[in-house]
Amino acid sequence: MAHAKTVEQREQIWSDDPTAFRAQAAEWIAANFPPQLKGCNPLIFQNDADAAAADADFELWRERVAAAGLGMPHWPRRYGGAGLTAEQADIIRLELAAAGAFNPMRSNGTMMLGPTLMEYGTEEQKLQHLPFIASHERRWCQGFSEPGAGSDLASLKTRAEDLGDHFLVNGQKIWTSGGDQADWCFCLVRTDNSRKQGGISFLLIDMKSPGVEARPIVLISGSTHFSEVFLSDVKVPKANLVGEVNQGWSIAKRLLTFERGGLTEGRGEAPSLAPLAREYVGADAEGRIADPDLRGRLIRNALRSEAYNLTLKRHAADAAAQQAGPIPISAIKNLGSGVAQERSELLIELLGWRGLGWEGEGYAFAELEATRAWLHSKAFSIYGGSYEVQNNITSKRVLGLPDQG
Amino acid sequence: MAVLSEEQIMLRNMGVEWARDRASVTVLRQLYDGESVGQNPDIYAEMASMGWTGILIPESHGGSDFGALSLGLLLEQLGRTLLPSALWSSALVAATALKAGTEAQQARWLPGIADGSVIAALATPHGGFPVPNTPSITASIESDGWRLSGRVGPVPDGMLAHLFILSAETEKGTTLFLLPADSPGLSRRALAQIDARAPAILELDGVAIEAQGLLAGPENAAQILEHVLDCARVGLAAEMLGSATQAFETTLEYLKVRVQFDRLIGSFQALQHRAACMFQELELLRSAVESALAAIDAQDADLPAKASAAKALAGEILNAISNEMVQMHGGIGMTHEHDAGLYLKRARVADQLLGNAAYHRERWGRLRGF
């Protein structure tokens with residue numbers, strides 16, 4: 001079996017004492033994080049395989065983190081982790097942030113498939129995939145949505161026929177993040193037409209298989225991050241089925257809670273817009289942002305963002321202490337997409353005409369970025385279960401309101 | 001929910017049960033019916049006997065020194081049933097102010113506050129929420145000591161108080177005094193507000209202050225007052241969190257039983273999504289309130305901003321949820337017999353008290369560099 005190239009190289013002995021561990025973690029990061037990467041946006045490397053491969057600093061950082069197993073510190077060593085506790089993993093996360101560093105492994109694999117395989121995968125599947133997720137050597141895409149199955153995901157039609165030693169898969173997926181760059185795809189397929197949710201299975205598909213074709217989609221922001229994926233007579237070995245046949249919907253629901261959790265990380269931790277607003281809108285005699293209405297709305301958004309970040313912290317503390325039921329992810333996701341979208345709107349509003357540029361001269365790089373980010377932010381309340389679907393989940397599963405008759 | 005100690009969990013559970021069994025909305029209705037003024041004294045005595053009035057008071061003065069988060073957990077439970085009581089005024093606001101006093105002042109007043117025999121209230125112009133033409137008290141030094149004159153109010157729980165912590169303007173700036181309610185020259189009159197509590201307007205006409213009556217002079221009184229107000233705001237926000245949570249839960253129950261067009265109205269998506277939004281807003285509010293309570297206990301220098309964040313969100317969200325409570329109950333929600341109106345009325349009073357949502361958004365914005 002191929003092995004992630006980094007598995008054998010770990011020497012670091014971590015302390016069990018939290019204070020000593022924190023010092024060790026800080027020291028390790030200071031010694032290994034390439035300073036050129038400080039403060040850069042890690043999403044660029046997460047979303048773009050070519051950008052990641054072309055950046056020598058990023059590659060160096062990724063290799064060092066992989067060698068230490070610190071991409072997924074709380075995973076066992078045999079799966080490419082460092083075998084640390086959840087508390088230690090949390091300390092690593094905080095120390096990375098404190099140093100202006102980031103986890104280079106953050107991906108569909110670490111956020112979604114990894115935790116799912118940990119629960120539902122066979123030992124073989126775990127050994128086959130987890131080390132490559134932990135080292136970010138294998139990019140994964142999510143084959144869930146279809147042209148006719150968006151918010152109503154369970155109506156998906158991509159069919160997997162049981163042909164003895166393999167499944168024969170035919171259908172079309174859409175909104176596949178990074179589909180054109182992915183090495184593998186975790187995919188929901190229909191294995192039974194007689195039941196809606198109960199006829200879905202969860203398959204791992206090698207994107208190099210004959211019959212797989214990914215075509216990028218151009219979005220309103222100009223991004224080609226998403227693809228359509230066409231599956232025509234694709235042979236998938238039986239060993240690539242996760243869980244049982246027709247158990248896919250339960251697995252997918254579990255995975256989506258990881259996705260919603262992952263998608264809510266770090267929202268609202270963006271820097272204050274006050275200095276930018278003074279620069280672009282001007283300040284009054286007392287040094288306040290000159291436009292009082294805009295200022296009021298900026299304050300309101302920043303205050304809600306602060307409360308949202310406190311909510312994320314409370315969510316994590318609750319989960320660790322197991323005293324109270326954790327705050328439902330459906331509620332957190334809508335709060336998070338709300339504050340982030342409001343912020344994007346406010347940012348381009350305060351930029352004025354300089355927030356309306358598409359490309360080229362006349363605009364600063366940061367202005368063009370803000371405009372693209374604003375367009376991209378519209379997706380926050382669509383992907384990972386739309387705002388309306390989250391509200392349906394909150395109403396029914398959390399609040400216990402009756403089904404719509 | 002914040003992560004709590006075992007004692008805090010016990011205290012909160014006690015508060016939940018007690019509020020449900022002994023302090024339902026019926027107690028508030030007694031005030032609307034004129035059966036008692038400001039609070040039910042027997043209910044206050046029960047709270048005192050459980051030690052709740054001494055939670056912020058040092059053990060040396062008869063309290064338990066159990067911290068603001070602990071008291072906040074109780075205030076939240078009392079907010080659920082809109083319980084009118086002087087617990088907030090006396091055990092939180094006044095006790096916090098008195099801790100700035102001399103040992104002799106603390107020894108004189110804190111044991112009484114802790115055992116419930118003394119009720120103290122803060123009298124400061126419009127609760128520190130500047131409004132033009134707000135009357136205030138002026139103090140001057142005469143040959144025989146301080147003399148205070150003027151008018152101040154509304155003072156929350158002013159009709160119940162035995163002792164006022166009073167802010168007055170002197171030539172050198174704001175000064176804090178301790179003023180027994182029976183001081184000659186002090187008169188008070190009740191204001192009938194929509195929430196049926198007992199705020200008062202105080203009239204002072206050359207009131208003399210006793211030797212031990214100066215709590216803080218101009219050198220630090222304004223600073224102490226601002227800290228007291230911040231603690232008061234956080235405690236009030238905790239109460240408002242409880243009120244908003246109960247208003248929401250009562251409404252949610254109604255959506256599950258009320259039938260129209262042959263179906264439960266809670267099955268209508270338009271109402272479901274409004275319910276989901278209220279639920280989300282309550283999570284934001286709880287985070288802000290718990291963080292601010294913890295900031296008091298930790299003596300966090302960021303308390304002013306955290307207090308304003310909590311009070312701003314509390315005002316906004318309790319107002320919105322109390323509106324939804326009336327709307328979703330329809331006609332029955334417009335009747336005095338139903339509780340919805342009680343939440344609506346208390347929401348507006350609590351929002352105005354010590355600065356409304358707009359005031360605290362502005363204050364937070366300034367503190368955060370906007």
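Predicted model: local features only at pLDDT ≥ 70, side-chain atom pairs only at ≥ 80, totals over all residues.
Trainee: Which residues is Gln193(B) in contact with, leaving aside its neighbours within four places in sequence?
Mentor: Gln193(B) sits in the loop between strand 6 (186-190) and strand 7 (200-208) of chain B, and its relative accessible area of 31% makes it partly exposed. With neighbours within four places left aside, the contacts of Gln193(B) are Pro154(B), Pro199(B) and Val349(B).

Trainee: Is Leu82(B), which has a positive phi, buried or exposed?
Mentor: Most residues other than glycine have a negative phi. Leu82(B), in the loop between helix 4 and helix 5 (87-98) of chain B, is not a glycine and has a positive phi of about 55°. Its relative accessibility is 2%, and because a residue under 20% counts as buried, Leu82(B) is buried.

Trainee: How is Asp65(B) classed by its relative accessibility?
Mentor: Asp65(B) is also not a glycine and has a positive phi, here of about 50°, and it is found in the loop between helix 3 (41-49) and helix 4 of chain B. Its relative accessibility is 48%, and because the class between 20% and 50% is neither buried nor exposed, Asp65(B) counts as partly exposed.

Trainee: At what angle do helix 4 and helix 8 of chain B pack?
Mentor: Ala68(B), Leu69(B), Gly72(B) and Glu76(B) in helix 4 meet Arg286(B), Leu293(B), Ile296(B) and Asp297(B) in helix 8. By class, this contact has four nonpolar, one polar and three charged residues. The axes of helix 4 (residues 68-80) and helix 8 are 8 Å apart, and the angle is about 145°.

Trainee: Is the crossing of helix 11 and helix 12 of chain A left-handed or right-handed?
Mentor: The axes of helix 11 (residues 329-351) and helix 12 (residues 365-377) of chain A come within 9 Å and cross at roughly 145°. Their contact has six nonpolar, four polar and two charged residues, with Leu347(A) and Trp374(A) among them. The crossing is left-handed.

Trainee: Which residues of chain A is Gln272(B) in contact with?
Mentor: Gln272(B) is found in helix 8 (residues 269-297) of chain B, and at 0% relative accessibility it counts as buried. Leaving aside its neighbours within four places in sequence, Gln272(B) meets Gly266(B) and Ser267(B) in chain B, and from chain A it meets Asn392(A), Ser395(A), Lys396(A), Leu401(A), Pro402(A) and Gln404(A).

Trainee: Which three residues supply 18% of the area that chain A buries against chain B?
Mentor: The contact takes 44 residues from chain A and 41 residues from chain B. The area buried between the two chains is about 3600 Å², of which carbon and sulfur atoms give 60%. Supplying more of the chain A share than any other three residues are Leu303(A), Arg314(A) and Leu399(A).

Trainee: How many disulfides does the structure hold over all chains?
Mentor: Cys141(A) is buried, with a relative accessible area of 0%, and its nearest cysteine sulfur, that of Cys185(A), is 3.7 Å away. Because a disulfide needs two cysteine sulfur atoms within 2.5 Å, Cys141(A) is in no disulfide. Over all chains, the number of disulfides is zero.

Conventions
Residues numbered from 1 in each chain as written. Chains lettered and ligands numbered in written order. Heavy atoms only, no water. Buried < 20%, exposed > 50% of the residue type's maximum accessible area, 1.4 Å probe, protein only. Axes fitted to C-alpha atoms, helices over the stretch in contact; angles between N-to-C directions. Helix = DSSP H or I, 4+ residues; strand = E, 2+ residues; numbered from the N terminus. Left-handed = near helix turned anticlockwise from the far one by under 90°. Contact = heavy atoms within 4.5 Å. Nonpolar A, V, L, I, M, F, W, Y, C, P; charged D, E, K, R; others polar. Buried area = accessible area lost by both parts, 1.4 Å probe.
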